[in-house]
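Take a look at the model below. We'll go through a pocket, a helix and a loop residue.

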Amino acid sequence: MATSLLFGAGDLGTQIGFDLARAGDDVVALRRHADRVSEPLTGVSCDLGAGVDAVRAALEPLTKRGGWARGPQRVVVCLTPDARDEVAYRATFVEATGTALAAIAALGWAPERALFVSSTAVCASGGLVDENTPPAPQTPTARVLAEAEQLFSQRFPRRRGASSCARAASTGRVANGSSTG
């Protein structure tokens, strides 16, 4: 059984988790309130704003879970900001993503696949957006997302199945490896 870890389990993150669970994965979702995580996902309460040590402490018990000794095989970062402004985007997408990545590294985990769910606003093409569309953020929040994508790609270099300018329709396929993007 494959193992997947979701950082964020809002509407989209939960849907990705359900897709992975349907494919047979054991899915754990970090969310501020684990009681809001629906079965078959397993919720873990954790606020990424609490810092690396707190996130690491929340994740460490997973190593005792069957199949998780070396950490998850897949990681999905699918966060939702508290507000639609530059400050909230930076706190969520840059700082919280950085915390998640640092906690993964501190635990020595090396997932086989990783996905950062972003927005087509990073590409600002006005047309069809795919994995080959270059970033061209036009708004302050889109520039923050582009910065977060860059941060994520430093830890998980872009390769088959990892894309910036992600779209909701393809996130499950990318996370489970069936995408050719």
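Predicted model: local features only at pLDDT ≥ 70, side-chain atom pairs only at ≥ 80, totals over all residues.

Residues are numbered from 1 along each chain, and side-chain values use heavy atoms, without hydrogens and water.

**The pocket**
- Of the 22 lining residues, R32, L79, T80, D82 and T92 lie nearest the centre of the largest pocket.
- Helix 3 gives the most to this lining, with five residues.

**Helix 4**
- Helix 4 covers residues 140–155, and its 16 residues should span 22 Å at 1.5 Å a residue, which agrees with the 24 Å between its end C-alpha atoms. (That expected span is 1.5 Å times one less than the number of residues.)
- Its buried residues (under 20% relative accessible area) include T141, V144, L145 and F152.
- Strand 4 (74–77), helix 3 (86–106) and strand 5 (113–116) are among what covers the buried residues of helix 4.

**T139**
- You'll find T139 in the loop between strand 5 and helix 4.
- T139 has a relative accessible area of 36%, so it counts as partly exposed (between 20% and 50%).
- T139 sits 18 residues from A121 in sequence, and their C-alpha atoms are 8.1 Å apart.
- The side chain of T139 reaches the backbone nitrogen of A142 at 3.1 Å.

Notes: Helix = DSSP H or I, 4+ residues; strand = E, 2+ residues; numbered from the N terminus. Buried < 20%, exposed > 50% of the residue type's maximum accessible area, 1.4 Å probe, protein only. Contact = heavy atoms within 4.5 Å. Polar contact = N/O pair within 3.5 Å; in protein donor to acceptor, adjacent residues only side chain to side chain. 1 Å grid on protein atoms, 1.4 Å probe; cavity = no way out; pocket = protein on both sides within 12 Å on 5 of 7 lines; lining within 4 Å.
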